[in-house]
Every structure is written in C-alpha cells, then in structure tokens.
Amino acid sequence: MRYSSPRVAMTSLFSAIALIHTVVGTPNIIDTVIKEDKTWSTGQVSKFGVEYFTSHLGGQKPDLLYIGCSDSRVPSDIFMNVTLGEVFTHRNIGNSIISRDPNTMSVIDYALNHLNVSTIAITGHSQCGGVKASMNPGELEDSIKTFIKPITKLYRKNKKYIDSLPTDQERQQFLVELNVKRLVRVASKLQSVKDRWRKGLPLAIYGLVYKLEDGSLNNLNVTVTKRNQFDRKHLPALWAKGLTL
Ligand SMILES: [Zn+2]
C-alpha cells in the first residue's frame with residue numbers, strides 16, 4: 001500500500017527549534033526531533049493504523065537504490081515523495097561511488113545481491129559543496145580531499161571546456177552533471193553490476209540531478225541497462241564536445 005505523503009511538516013520542526021531558541025536561548029535539537037518524532041509516529045498510526053509500521057517488520061523490498069549527496073538541502077525521501085520501504089538509500093559527499101570505499105560498495109552489493117533492487121538512481125544536485133570544493137581543494141582536510149579527488153581529476157581533465165563557461169554557477173552546474181555521468185559509467189563497471197547483467201537480471205542505472213532552486217528532479221538521459229552501453233551510446237557524445245571522463 002502506498003500512503004499519502006507521511007511527511008511531518010518540516011516547518012513545524014523548524015518552528016519548534018526557533019521557538020525553543022527564543023524561549024530558552026540554546027536549542028537542543030535532539031529533544032526537538034524526539035518530540036517531533038512522537039508527534040509524527042502517533043499521527044501516522046491515527047491516520048493509517050498501526051500497520052503503517054508493523055507491515056514492514058517482515059523485511060524490506062525496495063525497488064530503487066538512491067545514491068545521493070549528504071547535503072541537508074537534498075532530502076531524497078521528501079522530494080521523491082516516497083514512504084517506508086520504497087527506497088534503499090546511500091548518501092555521501094558528492095554522491096560518490098569509489099570502488100575502494102567499502103561503505104558505498106557494501107550498500108550497492110547488498111542492494112543488488114540481497115534486496116534484488118533493479119534500478120539505481122545516481123543523483124547529483126545544484127550548488128553541491130563537494131563539487132565546488134573539488135574545483136579548488138586547497139586547504140581542505142585530507143579525508144575530504146581524498147574522497148572528492150575523482151571529481152577534482154574530472155575537473156582538471158575538462159578544465160578548458162568548463163572554465164570557458166561564463167559564470168561560476170554554470171561551471172559548477174556543468175561539473176555536477178558531468179560528474180553524475182561519470183558515476184553512471186563507474187557504476188556500470190562494478191563487479192556486482194556486471195554479474196547481474198551477465199545473469200540476465202534487469203538493472204537500469206540512471207543519472208539524475210536535483211535542483212535546489214525549484215525542487216525539480218531532472219533526468220540526464222544517460223541511462224544504461226547493459227554492459228558497455230555507456231561507452232557505446234553516451235561517451236561519443238561527450239568526446240564530440242572535447243570532454244572526457
Ligand atoms: Zn552535494
């Protein structure tokens with residue numbers, strides 16, 4: 001059963017925080033979110049019955065693996081309007097996929113091999129701080145610098161084209177989108193992905209971008225559903241513009 005949007009008003013959370021801040025001085029966000037959770041969970045039970053929660057106790061069977069950025073302004077379950085059990089989610093800085101990173105790899109392997117997820121959505125977003133930092137890593141902590149290094153490399157490889165764009169915002173947005181395309185290609189070459197295709201199991205990998213400016217989720221149309229499809233279908237279009245991944 002798909003429930004209507006179960007979102008507790010974000011506004012009420014922020015209002016509550018603002019109110020505490022005004023009355024007490026220093027807000028305690030944990031007390032606030034626990035209180036908001038109580039309001040939300042009892043509200044869901046009143047609206048839909050206790051099954052809203054108990055129907056998921058037997059396990060999960062999500063159709064979609066979402067890989068996105070940790071940015072607090074990009075709350076995937078909210079903007080996709082999904083409810084419990086629908087999306088398996090992984091978020092990190094710059095919606096990255098790095099094959100030597102056991103965190104991301106374990107999420108992908110679990111989603112494909114144990115949950116039988118058949119769709120992956122790699123989702124970048126406008127105004128991404130990780131992408132912006134990758135263009136000028138400078139004095140960042142080593143942990144961050146290392147994690148976003150593939151995006152820095154991507155920028156350096158395509159610097160001439162990207163730097164020719166007229167504004168900082170356009171340069172950054174272009175790199176956000178190019179990075180998502182790169183990641184669709186990276187994902188398509190992972191072992192668990194190739195194994196799934198070799199077994200004839202369905203798997204589609206999409207590249208999407210969420211826009212902070214209007215809340216829209218946009219398809220970059222670089223979807224792949226079989227091995228080597230990215231290199232055959234999408235890479236030549238990038239090469240034609242002098243771009244490389
Ligand atoms: Zn981001």
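Visitor: In which sense do strand β4 (residues 204-211) and β5 pair?

Guide: This is a predicted model, in which local features need pLDDT of at least 70 and side-chain atom pairs pLDDT 80 or more, while totals for chains, interfaces and linings use all residues. Residues are numbered from 1 along each chain as its sequence is written. Strands are DSSP runs of E, at least two residues, numbered from the N terminus, and two strands pair if DSSP finds at least two bridges between them. β4 and β5 are joined by four bridges, and the sense is antiparallel.

Visitor: Which are the edge strands of the sheet?

Guide: The open sheet has five strands in the order β2-β1-β3-β4-β5, with mixed pairing. An edge strand here pairs on one side only, which leaves β2 (87-92) and β5 (216-219).

Visitor: Which residues does the UniProt annotation "binding site" cover?

Guide: The record is an unreviewed entry, and such annotations may be inferred rather than shown by experiment, with positions given in the numbering used here and feature names shortened. The annotated residues spread over 60 residues of sequence yet cluster in space, with a largest C-alpha distance of 9.0 Å.

Visitor: Is Cys128 buried or exposed?

Guide: Cys128 lies in the loop between β3 (119-125) and α6 (129-134). A residue is buried if 20 or more other C-beta atoms, placed from the backbone, lie within 10 Å of its own, exposed if 12 or fewer, and partly exposed in between. Cys128 has 26 such neighbours inside 10 Å, so it counts as buried.
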